[in-house]
Amino acid sequence: MKTNHSQKHHIILTLLLLLTLCRCTPSRQTGHTDPYPRLSWDTTLTLPPYAGMNPNKGLAGAFAGRVGEYLVIAGGANFPQAPVWEGGAKQWWSTLYRIHPRTGETTIYENFLEHPLAYGLTIQQPEGILCIGGNDADCCYNRLYLITQDPDGNPQLITDPYPPLPVPLSNLAGTQLGQKIYLAGGQEEMHPEQSTRHFLMLDLDQPQTGWQQLPAWPGADRAYSICVAQAGEIYLFGGRSFGPGRQMTIHPDGFKYNPHTQTWTPLEGNYPVMAGTAHPLDNDKILLIGGVKTLIPAAPDHPGFTRTLHLYNTTTHTLDSIGQAPIPLPVTTTLVQHHDTLYIPSGEIRPGQRTPRIHKAIISRPHTR
């Protein structure tokens, strides 16, 4: 059959139209899901000037959490007069800052703690924050405190709400699973400083039984680790070991503890998150924020610590790097969570240098598109 010029032209136009429709018509396949959460950062909140520090130098090792509708930051240590590389002296504090997270309104309570204290562990409780251990320039401590609020809404310090630790500890890691608090590592003394392999548990339903010593992880002693409860198990990431006659060593390993069998399982992979912060997500993920990858001496030109965000999947046992934070991420601080908003108050952004800023991150969940 012969085809004239107009018929050829019509066929060409039809083919072009079909091709265009194929390119523009949405796929009918199952939608693609973004695999990772996204964090939107804000650093508007900051510690106000205090005790001659204008601006505020910030704090490392402070206790932090939620009490009522407020963020509270208590204790901590810094170098208020001069940087450590200029021979500045380290100072411990007993001050409490109470900050409204929406307005930024801040009230300062001097000498709130019984004595200057830093580098303990904070465990969030419904009524406030549980402060465990800590140190000052001379020694480590084994006492516990509860920071709550009185009937008038003012911060209140309750001493010894639970039994003391069997040994003094600071720079320890820990978490809560159900009604049980677990503690890992840390150091017992300031002179000499030496990391440990303590693994302790306190049942809040039976506090009279005291702290129970449990089998430690099958790895080196350590302090400055990250400890997170997720999916009914305890995860321990990173840390560093140190002691007399020993070279300080960073450990990028990880372990999983099963409370039912009281057994540990080493995790595959590399976890360069020492002294960073973490938060459990959904039912099978752990968000790891920042940390120290390598030990570099304190100096004005120190590059700062890693800004990398990692996501560990407890189902697939995989660790993924999910991006870089647009701001310096502090270490030796405590992550505070409220719904899908995370607060990382103050902390250390390079050796000896603190930040007064309170880093706020809003989590956006993966979505289908």
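Before you start, please know that the model is predicted: local features need pLDDT of at least 70, side-chain atom pairs count only at pLDDT 80 or more, and totals for chains, interfaces and linings use all residues. Residues are numbered from 1 along each chain as its sequence is written, and side-chain values use heavy atoms, with hydrogens and water left out.

**Stop 1: Asn-135**

Select Asn-135, in the loop that runs between strand E9 (128-132) and strand E10 (144-149). Strands (E) are DSSP runs of at least two residues, numbered from the N terminus. Is Asn-135 buried or exposed? With a relative accessible area of 2%, Asn-135 is buried. On this scale, buried means under 20% relative accessible area, exposed over 50%, and partly exposed in between (1.4 Å probe, protein chains only).

Now show the side chain of Ser-170, with which the Asn-135 side chain makes a polar contact at 3.0 Å. A polar contact is a pair of N or O atoms within 3.5 Å; within protein, one must be able to donate a hydrogen and the other to accept it, and residues adjacent in sequence count only if both atoms are side-chain atoms. Leaving aside neighbours within four places in sequence, the residues in contact with Asn-135 include Trp-92, Tyr-119, Cys-140 and Met-190. Here, contact means heavy atoms within 4.5 Å.

**Stop 2**

Side chains of opposite charge can pair when their charged atoms come close. The whole structure holds nine salt bridges, each a side-chain nitrogen of Lys or Arg within 4 Å of a carboxyl oxygen of Asp or Glu. Select Arg-143 and Asp-160 to see one of them, at 2.9 Å from N to O. This pair links distant parts of the chain, 17 residues apart: Arg-143 is in the loop between E9 and E10, and Asp-160 is in the loop between strand E11 (155-159) and strand E12 (173-177). Arg-143 is partly exposed at 27%, and Asp-160 is partly exposed at 41%.

**Stop 3: Arg-222 and Asp-253**

Next, pick Arg-222 and Asp-253, whose side chains meet in a salt bridge (2.7 Å, N to O). Arg-222 lies in the loop between strand E15 (212-213) and strand E16 (226-230), and Asp-253 in the loop between strand E19 (249-250) and strand E20 (254-258), so the bridge ties together parts 31 residues apart in sequence. Arg-222 is buried, at 1% relative accessibility, while Asp-253 is partly exposed, at 23%.

**Stop 4: the cysteines**

How many disulfides does a search of the whole structure find? The search finds zero, a disulfide being a pair of cysteine sulfur atoms within 2.5 Å. Select Cys-139: the closest cysteine sulfur, in Cys-140, is 7.0 Å from its own, too far for a bond. Cys-139 is partly exposed, at 29%, whereas Cys-131 is buried, at 2%.

**Stop 5: the cavity**

Finish with Leu-113, Glu-114, His-115, Leu-117, Tyr-145 and Leu-157, which line the largest cavity. A cavity is a set of points, on a 1 Å grid over the protein atoms alone, where a 1.4 Å probe fits but cannot get out; lining residues have an atom within 4 Å of a point. The volume of the largest cavity is about 30 Å³, counted as the space filled by probe spheres set on the points, with grid points joined across faces, edges and corners.

Notes. Helix = DSSP H or I, 4+ residues; strand = E, 2+ residues; numbered from the N terminus. 1 Å grid on protein atoms, 1.4 Å probe; cavity = no way out; pocket = protein on both sides within 12 Å on 5 of 7 lines; lining within 4 Å.
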